[in-house]
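Dear colleague,

Please find below the structure that I am handing over to you.

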Amino acid sequence: MSGTTFNELLIEDDVEEESAAPKSPSLKTRFGESPPTPGAQIARRMLWAACPAVCRRDIERRRSLVVIVEAPATWIDLIQEAARDLIRPADFVVNERKPGPRTWSLQELGLRNAMGLRRSFVILTTQGVSGISPSVLAAADHHIRIAPPDRPILAAALKAVFGLRRSPRLPAKIDATGDGNAIVAAIRPGESAGRAIRRLASLSKDRPMSILDLPEGPGLSDLHGYGAAKEWGLALAHEIDAFRAGAVRWAAISSAAILHGAPGVGKTYFAAALARTCKIPLTRTSLGQLFASTAGDLDSIVKGLDRAFEEARAKGPSILFIDELDALPDRKMLTGRGRDWWSPICNHFLKLLDDARDRVVVLAATNMIDRIDDAILRPGRIDRHFEIALPDHDALVQMLKHHVGDDLAGINLAPVARLAQGHTGARIELSVKAARAAARQAERALEFKDLLDQFLPQSEDLHELRRICVHEAGHALVAHLLGRRVRHVTTLGDDQRGGCVEMEPLEGAVSRRQIEDQVTINLAGRGAEILLLGCASSGAHTDLKVATQLLAALHGSFGLGDSLIHLATALDPSVLIANSRLQTIVESDLQRLDARCTALLSEHRLQLQVITDALAIKRVVDGEELARLVGSR
């Protein structure tokens, strides 16, 4: 073996089908007459393929080197064996401890000893660079990032293990980015290469459940209505591919984002689709889950957060999905004992975002982004913010097509999408499942009527329907008159409301005029009922609640009234309303804006009636049609 370099063992396989295959090590020399195991065969090829050309030259020249080798967790032992064979003489350290002064001092001691003896120093890690001493990082000559084996590497290993004349063509469905132990176990000397290939294909087929722990489902390309979030996710998938190829550092990737929007718009659905598109594992957690699965004390929650990040790093690259992030309180809102208990948790979470995100995509979700601590959302932490809005008409059509599949091929689903305006993606999926269940119960294939029935109630109180039409028409008309863009208005609601008006939200800091306009819109449903039906109903109770809270915040939180005193945050309206002086001011504003609303509705009574009639017939009126109805009278 003397005089034989590792590079001399790299023989270019005759691989016509796998033209991208890297040069691969032969089995003829390294272990004498006993050939390396399948695991060693694969690991040596993985290591050499990850070495840049300059690193290969330095290794061949037996220079004293400082090398960081970053490998998938399930391959680390085999990669260490391959590295010991490749880089000689050398001292090796496997970084398995949490980062800290003691860990770093041991690494630095090993570095000094190796350099003093003119040996190379190699540190292997599965946790990225977060656990490596800054001194070792500064001294490193090479940082080798090892990706999971690709098909050319597996093909070359199969050729060597089974003594084939050329590397076999592997099915495209074989994906070896999963568990290394399972991949190695699939290749068994003494059996045929064909059986090994079938086992590898079976691993890939089962991978969504066993490795990613995800059911089969759509990728990002199949999703509709996600806008900028989808664009970011698709770009992230390309970046992760580049990272695996060694073309980009993880720190250069935009790897943290938060999704915010109403419940049911599909934030969790997006996380699963992102994992499928990136072909990486998904780890889920939330504060609620941590409290449910631990003793719930301070130490348990901190350790639970640590475990979540550690699990994601061990699978890296991977996604850590943190749902209901607003359960972690904004420190500005904390007082007294609450601050003493929550501050260590909040601060520890910030530290994890700073130090424990190597090869981890942090994706958070919330229904209330205004309750998230600013320090979490600042640049360098979770700095990409995407609102997931209710799907528009085109997105609803595509969602319906996706869930229906081939069952209603060729049928125009646009009428159903019109009826589904205001529905979330989750409710669309549930409605299609209910339609299928109705068809199964009738022992026949899915029909268009089954789908339509999910959005049109079978029996209705015509008097109640008339009231809902009047109420929603009032909201929509006043919103249009005050310059707010209405997306659609519908009489089809849910268990909490009879209908809804979807309009462009107010963004950024708002003025007193904008708040008063919004309150006028809130009061318009009740005002329309009085004008056309002769009296108001209790259906306006939510509108009155929101209007009261907005005016209370205007005077007691935002400093937009006659007083500059800040009584309480806008997120705590109960404190504001408890102030008797503020109650009088808010009541006066409500009466004034209600009179304004009544005047607008009375002046445009004919348009109000036309919109009401259109809703009674169509159930859904979009923004363009609303503008035509108002402008035609």
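I begin with a pair of helices. The axes of helix α9 (residues 227–244) and helix α10 (residues 267–278) approach to within 9 Å and cross at roughly 30°. Axes here are lines fitted to C-alpha atoms, for helices over the stretch in contact, and angles run from 0 to 180 degrees between N-to-C directions. Helices and strands are DSSP runs (H or I of at least four residues for helices, E of at least two for strands), numbered from the N terminus. α9 and α10 are therefore roughly parallel to each other; angles under 35 degrees count as roughly parallel, over 145 as roughly antiparallel, 65 to 115 as roughly perpendicular and the rest as oblique. Their crossing is right-handed, that is, the near helix is turned clockwise from the far one by less than a right angle.

On the α9 side, Ala 229, Lys 230, Trp 232, Gly 233, Leu 234, Leu 236, Ala 237, Ile 240 and Arg 244 take part, and they meet Phe 270, Leu 274, Thr 277 and Cys 278 of α10. Contact means heavy atoms within 4.5 Å. Sorted by class, the contact of α9 with α10 has 9 nonpolar, 2 polar and 2 charged residues. In this sorting, Ala, Val, Leu, Ile, Met, Phe, Trp, Tyr, Cys and Pro count as nonpolar, Asp, Glu, Lys and Arg as charged, and the others, Gly among them, as polar.

The model is a predicted one, in which local features need pLDDT of at least 70 and side-chain atom pairs count only at pLDDT 80 or more, while totals for chains, interfaces and linings use all residues. Residues are numbered from 1 along each chain as its sequence is written, and side-chain values use heavy atoms, with hydrogens and water left out.

As to confidence, the protein chain has a mean pLDDT of 83, and 88% of its residues reach 70 or more; pLDDT is the predictor's confidence in each residue, from 0 to 100. Over residues 1–34 the pLDDT stays under 50, and the model has 68 contacts beyond four places in sequence for them. Residues 206–212 also have pLDDT below 50, with 16 contacts in the model beyond near neighbours in sequence.

The protein chain as a whole comprises 25 helices and 14 strands. Of its 633 residues, 49% are buried, where buried means under 20% relative accessible area, exposed over 50% and partly exposed in between (1.4 Å probe, protein chains only). Among contacts with a separation of 6 or more, 74% are between residues 24 or more positions apart.

A second pair of helices is α19 (residues 462–481) and α25 (residues 623–631), whose axes come within 11 Å and cross at roughly 80°. That makes α19 roughly perpendicular to α25. Ala 476, Leu 477, His 480 and Leu 481 of α19 make the contact with Leu 626, Ala 627 and Val 630 of α25. These residues divide into 6 nonpolar, 1 polar and no charged.

In helix α3 (residues 76–86), the buried residues are Ile 76, Ile 79, Gln 80, Ala 82, Ala 83, Asp 85 and Leu 86. What covers them includes α1 (38–50), α2 (53–60), β3 (66–70), β4 (90–95) and β5 (120–125).

Leu 576 lies in helix α22 (residues 573–577) and is buried, with a relative accessible area of 0%. Leaving aside residues up to four places away in sequence, Leu 576 touches Ala 552, Ala 553, Gly 556, Ser 557, Leu 567, Ala 568, Thr 569 and Leu 582. Ala 389, in the loop between β11 (384–387) and α15 (393–404), is partly exposed, with a relative accessible area of 28%. Its C-alpha atom is 7.7 Å from that of Gly 225, 164 residues apart along the chain.

Finally, some backbone details. Most residues other than glycine have a negative phi, and most peptide bonds are trans. The peptide bond from Arg 88 to Pro 89 is cis, with omega near -10°, and Pro 89 is in the loop between α3 and β4. Arg 118, although not a glycine, has a positive phi of about 60°; Arg 118 is exposed, with a relative accessible area of 72%. Lys 279 likewise has a positive phi of about 60° and is found in the loop between α10 and β8 (282–286).

With kind regards
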